[in-house]
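Have a look at the model first.

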Amino acid sequence: MATIELDQVTKVYPNKTQAVTQLNLEVADGEFMVLVGPSGCGKTTALRMVAGLEEISGGTIRIGGRVVNDLSPKERDIAMVFQNYALYPHMTVAENIGFSLKLRRLDSVEIKRRVQEAAQTLGLEGMLNVKPASLSGGQRQRVAMGRALVREPAAFLMDEPLSNLDAKLRVQMRAEVSRIQRRLGVATLYVTHDQTEAMTMGDRVAVLAHGTLQQCEPPQILYDHPANLFVAAFIGSPAMNLYEGEVEVAEGQIWLRLGDQRILVPPSQQEARPGLAAYKGRKVAMGIRPEHLAIGHELPDNPSVLHAEIDLLESLGAEIIVHFRIKADHLRPEGAAAEGEDETLPLTIGLGGSDKTAPGVARVDPRVPLKVGESVTLVPDTDHLQLFDLETGAAIYD
Amino acid sequence: MATTPASAALPASTPSSTESAQVVSQWRKSRGPRHLGNQLLFYLGVLVVLLIALFPFYWILRTSLESNSEFVQGVGGANGIIPAHLTLSSYIDDFTQLHFLTPLINSAIVALGCTLVTIVVASLAGYALARLPIRGAGVILTFVLLAGFFPILALVGPLFLLLRDLGLLNNIYPLIIIYLVYTLPLATWLLRNFFGQIPRELEEAALVDGATRLQTLRKVVVPVSIPAVFTAGILSFILAWNDFAFALSFLDTPGHFTAPLAIVVFGQSQFATYYNRIDAAVVVITIPIAILVLIAQRRIVSGLTAGSLKG
């Protein structure tokens, strides 16, 4: 039982690559902290520094209040699950799980009891005497978990432990890992590039990009109030629609102009974002999540509608993902395309005019009849608009 | 009869499944003869290759079981593919008259000694080259490989002068070091490649599990590497055991001969070369190699870390 604290932690590799820059992070006792970011963002390096497998170039790491900068992994009392499991091939499952206990010279009865207990938790009872070679991927993953939890360590470190499993097993293990972690109540630092894992598993999620912490909040807050453009684009699937818009004041109201259309910034937004006043006449980044766009009609009492043309329809049964094109300046910050996502959206047919168009995505009710190529009216839920400074990328609040 | 369509469908399913079984067996039959012909051809090919490969060995064995007089008479008549009388007299002659045991022991000392030194040096060198951030590791490896391909006879001259000046000629022990010329490049490469393939995470997992550096090496790296070390050892032993060039150049009294060298002088008499005695000795020195190869077969280097990582 302990906390993990990273204080201004920096990693510079001998070839001058700055992998992690002044990272501040505090994992509370029993907390499940997910470190998420695109590949190469420094998340694994950060984890390895906590484990003691990578030297710390600057800053301080504390585990349970104790500075561990110069301690060997052995002295840090942490357990780690590796992406590729790293099981000892010459040992049986029981020996793999019990290896750390044997190194600590526990007596064999106690080792056996704890290995049994871990095996029971993970459903490995039947295979304690086989070697890893004859196990399936999912079973190997469980053994790797077993090796970590038999330790009863001060902290768990997990480096993309589910990324090698097939999709179905991954969903199952996701729930299982969360359940085990909650039951053991051990501070956990979990690295992943999969934002679904981040959202579903983390008590809090820390988003990393270029070795710098972007935001660290509970998943829902991260989703609803991204601190900057990177987080806005990275979290959420399909990704948030982002456009360049201009802040206009007309008729005593604040409007956002997108190409030749405009939407009203509602009073609720103006209240929440007093800083917006300073942007009058300037361009900002406007974001809206796919689920906050409805297909509707122009109504006299709602001036905030957008006209778009349907490009592609993807029916998922419970909802339809509508890919559309809209006349606006597209913003595609780095991180917008999550790993594995196809970046090439279908080419547009155009909206009549010669102006540039930007792609967008809406999630709508499957019962709305829609056709590809059709012009539709999108009704944004303007209470959920996100606004960012174009230069700094930071969300506009104060 | 008023059967509902559902109940009618049930019994119908049984004949249809036997029908499909018939189709399969018919297909097998039609495919049968051609399939058999292919197999015959395949095994015939295997047989021919086997005969070509094994015939010289058979002939060595056959000759070694001939008596001196039969050997001198030559092959013909009753003394055909199988000798007229099988006898172990050549073997007995080798060990009694010709004292073959001494060169065998010499060979064993040299080959085992060389293997031991090879394993220790090559393991350490291989691990260092695989894991430590050595400047110019690539150059070192290339050089090691080049040394392995260097013509042995080109080394005989300089080494002869060296041994002569050190007063170590006609002595088997320097051969332990000299045979490293054969064994070290091969063993270093083999082990370096093997260590390089051991996932780093394996060592890191052990460190996190609470092992010290030395414990990691002893309890994880070494056990995982045993098959590779074994393979390197066996190959080294075979190379050292089979050497002829160095032994011929550096040894000159029969009491110091290694087995391959001793064999050559065996058959020589003033009037004839007794190949039956030579072949008997050849069979004897082949036995340890054959045993080693059989053991090595079971410890093939590939697939050693199977199961450690996600496949």
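## Pairing in the sheet

Before we count anything: two strands pair if DSSP finds at least two bridges between them. With that in hand, and remembering that this is a predicted model, take strand S17 (residues 320-326) of chain A, which is joined to S19(A) by 7 bridges. The two run antiparallel. Within this pair, A:Arg325 sits opposite A:Pro359 of S19(A).

## The sheet as a whole

Zoom out and you get an open sheet of 5 strands in chain A, in the order S15-S20-S16-S17-S19, paired antiparallel. Strand S15 (293-296) and strand S19 (358-364) of chain A have just a single partner strand each, so they stand at the edges, with one side of each left without a neighbour in the sheet. On average, neighbouring strands here are turned by 50 degrees against each other, ignoring direction.

## Two helices in chain B

Over in chain B, helix H8 (residues 180-197) and helix H10 (residues 213-241) have axes that come within 9 Å and cross at roughly 165 degrees. Angles over 145 degrees count as roughly antiparallel, so that is what H8(B) is to H10(B). The crossing is right-handed.

What makes the contact between H8(B) and H10(B)? On the H8(B) side, the residues include B:Leu186, B:Leu190 and B:Phe194, while H10(B) brings in B:Ala228, B:Ala232 and B:Leu235, among others. By class, the contact has 13 nonpolar and 4 polar residues, and no charged ones.

Note on methods:
Residues are numbered from 1 along each chain as its sequence is written. Chains are lettered from A and ligands numbered from 1 in the order in which they are written. This is a predicted model: local features need pLDDT of at least 70, side-chain atom pairs count only at pLDDT 80 or more; totals for chains, interfaces and linings use all residues. Helices (H or I, at least four residues) and strands (E, at least two) are DSSP runs, numbered from the N terminus. Axes are lines fitted to C-alpha atoms, for helices over the stretch in contact, and angles run from 0 to 180 degrees between N-to-C directions. Angles under 35 degrees count as roughly parallel, over 145 as roughly antiparallel, 65 to 115 as roughly perpendicular and the rest as oblique. A crossing is left-handed if the near helix is turned anticlockwise from the far one by less than a right angle, and right-handed if clockwise. Two residues are in contact if their C-beta atoms, placed from the backbone, lie within 7 Å. Ala, Val, Leu, Ile, Met, Phe, Trp, Tyr, Cys and Pro count as nonpolar, Asp, Glu, Lys and Arg as charged, and the others, Gly among them, as polar.
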